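Open the model in your viewer and keep the selection panel at hand. Each stop below gives a selection and then what to look for.

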Amino acid sequence: MNRTKYLARLGLCAAVSASMAFNAAPVANAAELSQAKNPAQIHYGVVSESDQSLLKGLFDYEYYKKMNPDVVAAIGDDAAKLFEHFVKCGIFEGRSLSVNFNVNAYASAYSDLSKVFGTDILSYYRHYALIGSKEDRPITTLKAAADAGITVTSLVDNTVKITPEVYHMAEKTGETDLAKVEKSIVKPSSTSTSSSGSSSSSSGSSSSSGSGKSSQSTSSATEGKTDATPSGGQSQETKPSEETKPSEETKPSEETKPSEETKPSGETKPSGGGTKPNPTVTVAVTGCEIDIKSPKVGDTISATATFSNSSSVPSGTTYAWYKSTDGENWGTAIAGKTSKDFGEVTEDYLNNYIKVVVTYNGVSKEAKTTAKVVQNYTISKASGIENGDIAFSSAYAAEGSTITVTATPAEGFGLATVTVNSGAVEATLVGNAATFTMPAENVTVSATFAAEGTLENTVTIKKDSSDIKTAFSESTEGSPYTGFDLATIKTDFEVAAAAGNVNIKYELKGASDYSVVSAPNAAGTYKVTITVAGASEAYQAVEPIVGYISLAKAGATATVTRTGKVDAGTYTQADFFALFTTTTNSDGEQTWSLKKGSDEYAAVGENVELEAGAEYTVKLEIAESNDYEALATPVETAFTVKTNDSTLGLDGPTENPKAGTKTVAQFKELFTLTQSGSRDETWYYKKAADQNFTELTTDVVLEVGTYNVKVEVAGDDDTNAGEVTANLTVDADTTATKLALTTAPVLETTAGGGTLSTQPIITIQDADSNTVSTATDTVTVALSGTGAGNCTLTGTTEVAAVNGVATFTNLSVTTAQESDQTVTLTFTSGTLTQAVSSEITVK
């Protein structure tokens with residue numbers, strides 16, 4: 001370090017130290033209890049420029065000013081000066097930089113970090129800024145630690161320890177002197193006896209009633225001493241002496257045991273000059289905690305309970321453990337889990353919460369895990385590691401956990417590479433340590449160590465330092481460098497080195513506050529740093545190159561185009577915008593307007609109505625953004641809406657068709673469709689009573705009734721699509737086509753035949769088997785069948801139909817044959833399809 005700068009820093013810290021009392025920092029609450037109280041414990045260090053950048057992102061100026069009036073009194077309240085004080089002095093004195101982060105609480109809460117970082121305060125800040133703030137590590141303040149039952153030890157002054165009890169008392173009273181806070185906490189007496197005329201308090205003090213007799217109490221808080229305050233208001237210190245020690249005369253005996261008369265009541269004065277026994281103290285459970293709030297398979301869980309007036313666990317205390325998948329419904333207690341130690345968490349408890357209930361003397365307290373049990377995966381060290389060794393922050397971890405690999409190089413060597421699962425998991429080197437994120441599988445970690453100096457002359461840069469500094473301005477004003485980001489910087493200024501033996505860092509910092517970014521997100525000046533280092537600081541190969549790049553606001557450009565006419569109709573805003581092809585390089589806010597013909601522009605609303613045949617113009621304006629100027633000239637595009645087909649029409653048939661089956665072509669021939677062109681048509685039909693149309697793609701069976709017919713005609717480049725409808729009435733088909741035997745003839749069994757007992761009835765029907773009620777055709781009957789030549793049919797064999805029905809009344813069938821004859825009756829009428837009866841047997 002530059003000696004002049006070091007002396008200046010030391011003077012700054014000394015000036016503030018001289019103006020403050022380390023044992024009573026003048027703050028308004030308990031947030032700064034972890035500040036160093038003993039100047040001899042403080043060891044000032046150096047905060048690098050990169051660490052300062054991380055700390056600046058966390059630093060809360062208003063908070064630091066409020067919580068450190070001694071610093072403000074010494075150096076003023078300028079924000080830059082207060083931050084300078086923090087990074088040079090405050091961080092090493094245990095002062096907090098934000099209400100949201102206390103480094104001592106963070107270190108005390110997470111043992112995986114303290115095992116690796118020890119008392120290196122900067123390592124905790126780095127971890128929180130880069131990793132911890134993105135993980136599930138909620139304990140970052142003294143309050144959070146106290147609420148979790150964690151005692152916080154200051155990293156910069158190990159004499160400062162803040163128990164949860166101390167913190168809550170300090171928070172309640174506003175006192176920040178730890179000694180005063182601890183004294184203000186009332187502790188229960190371990191033993192207490194009183195004689196006539198005196199009473200004992202829970203603080204361990206005794207007071208005399210003026211009877212001449214004394215009382216004695218012992219307390220760990222006063223180490224055997226009592227402060228006696230007589231009723232006259234004067235105080236004196238009395239030490240236990242032989243006179244005040246209990247004697248055989250004052251020890252309890254059968255005679256002095258409390259009776260019904262002497263049992264304690266609301267009256268505390270002695271009665272009859274006798275000695276009353278001390279009031280009975282009832283011990284009760286006052287608190288309960290589980291030591292692991294976010295358990296993993298393989299963890300060992302225990303419970304800790306606290307009791308009023310008892311520093312140990314009283315006999316008779318019971319423990320009951322439960323598990324729950326939702327943290328609400330716990331069921332019955334787990335069998336065999338009846339002590340404070342739950343034991344190892346097995347896979348039986350995976351995805352379950354765990355709860356303990358501690359009960360004593362009828363009083364119960366419970367505690368539960370804040371997270372479900374998750375799976376753990378093992379972390380193993382590869383064999384064959386030479387010239388050093390590695391250790392892990394944990395032997396197993398859950399998926400997503402951050403694991404720290406700490407290297408111990410042999411003398412003359414440094415950590416060169418860390419490989420997890422043969423490179424399948426990425427590891428980040430930080431000096432002689434590395435971190436990686438635990439995958440959902442077991443991992444094996446390997447490492448290589450390189451001898452110091454082995455990296456000499458192995459590093460080359462694609463462009464030398466002068467080239468880089470030409471592209472990067474060394475002043476904070478910057479120089480033009482368009483379209484840059486980390487990827488282009490790495491391409492333009494590539495660093496090559498022996499594989500695995502160097503750390504190459506490209507860092508781009510933002511225009512507003514120089515915080516780390518991956519790419520420009522606003523116009524302004526950006527800071528670029530290229531650092532090439534070996535596996536540790538001892539291997540530094542190239543000095544860091546720092547420069548600045550300016551990104552000015554670019555001019556906005558835009559185009560809006562439309563090919564062809566637009567369909568008429570109502571559009572949503574999104575569908576309207578989709579009518580156009582729009583390009584722009586700007587992320588500025590867009591404003592769209594629309595006008596018809598020579599009308600005034602109006603903003604495009606949620607719905608847009610476009611009239612058939614109308615001419616419109618659309619206009620796009622783009623406002624200024626962080627990176628782009630406003631669009632200099634609005635973009636305007638004219639477009640035309642298609643016209644409607646005025647000739648489009650559909651006429652129904654002049655004569656109603658008869659019921660029956662129609663092909664697609666026959667159905668269309670019933671109508672007359674007109675349109676201005678030969679555009680595609682799609683036909684639909686439905687019965688009037690139905691709700692949905694059916695597309696006409698196959699034969700249609702028309703039934704008697706009314707139909708609705710719709711034809712959709714497609715649009716073309718100039719004409720909108722259209723739709724026309726018509727109605728269709730279908731009549732019954734009354735043309736006679738056939739005869740039907742509606743009543744069959746029956747011949748009773750008699751010798752030689754005779755008159756039909758049931759005379760036949762014939763109906764004249766149409767093709768759909770409907771009776772043609774207007775038919776008067778003559779129906780003729782004759783014998784048929786194998787026995788027709790041996791039988792005779794007599795009676796009226798020709799009958800004219802009435803209302804479509806021919807009724808026969810006197811038909812007879814006879815035979816002279818000895819053997820049975822089989823005949824049928826055949827009915828005919830002109831060209832109508834004949835009807836034939838079933839067989840009749842003539843005996």
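**Before you start**

This is a predicted model, in which local features need pLDDT of at least 70 and side-chain atom pairs count only at pLDDT 80 or more, while totals for chains, interfaces and linings use all residues. Residues are numbered from 1 along each chain as its sequence is written, and side-chain values use heavy atoms, with hydrogens and water left out. Element names follow DSSP runs: helices are H or I of at least four residues, strands are E of at least two, and numbering starts at the N terminus.

**Stop 1: helix H8**

Select residues 121-130. This is helix H8, where 8 of the 10 residues are buried, so the helix is largely enclosed by the rest of the structure. Buried means under 20% relative accessible area, exposed means over 50%, and partly exposed lies in between (1.4 Å probe, protein chains only). Colour the buried set: Ile121, Leu122, Ser123, Tyr124, Tyr125, His127, Tyr128 and Ala129.

What do these buried residues pack against? Four helices are on the list: H2 (49-58), H5 (79-88), H6 (103-109) and H7 (111-117). Strand E18 (402-409) is there too. Contact here means heavy atoms within 4.5 Å.

**Stop 2: the cavity**

A search of the whole structure finds 1 cavity of 30 Å³ or more. Show the lining: Asp51, Leu54, Leu55, Leu58, Leu122, Tyr125, Arg126 and Ala129. H2 and H8 are the elements that give two or more residues to this lining.

The search uses a 1 Å grid over the protein atoms alone; a cavity is a set of points where a 1.4 Å probe fits but cannot get out, a pocket is an open set with protein on both sides within 12 Å along at least five of seven lines, and lining residues have an atom within 4 Å of a point. Grid points are joined across faces, edges and corners, and a volume is the space filled by probe spheres set on the points.

**Stop 3: the second largest pocket**

Select Ala109, Tyr110, Ile292, Lys293 and Ser294. Of the 47 residues that line the second largest pocket, these are the closest to its centre. The pocket holds about 1700 Å³ of space. Which element gives the largest share of the lining? Strand E9 does, with 5 residues.

**Stop 4**

Zoom in on E10 (residues 300-307), joined to E12 by 3 bridges. Thr300 stands opposite Glu344 in E12. Strands count as paired if DSSP finds at least two bridges between them.

**Stop 5: strand E49**

Jump to residues 778-784. This is strand E49, with 3 bridges to the antiparallel strand E51 (residues 798-800). Here Val779 stands opposite Val799. Another 5 bridges join E49 to strand E54 (residues 821-829), also antiparallel. Val781 stands opposite Phe827 there.

**Stop 6: salt bridges**

A salt bridge is a side-chain nitrogen of Lys or Arg within 4 Å of a carboxyl oxygen of Asp or Glu. The count comes to 19.

- Asp147 and Lys143: the N to O distance is 3.4 Å. They sit 4 residues apart in helix H9 (residues 142-147), separated by about one helical turn. Asp147 is partly exposed at 44%, and Lys143 is partly exposed at 38%.
- Lys355 and Glu366: the closest N and O atoms are 3.5 Å apart. Lys355 is in strand E13 (residues 353-360) and Glu366 in strand E14 (residues 363-368). Lys355 is buried at 9%.
- Lys710 and Glu712: the N to O distance is 3.7 Å. Lys710 is buried at 15%, whereas Glu712 is partly exposed at 29%.
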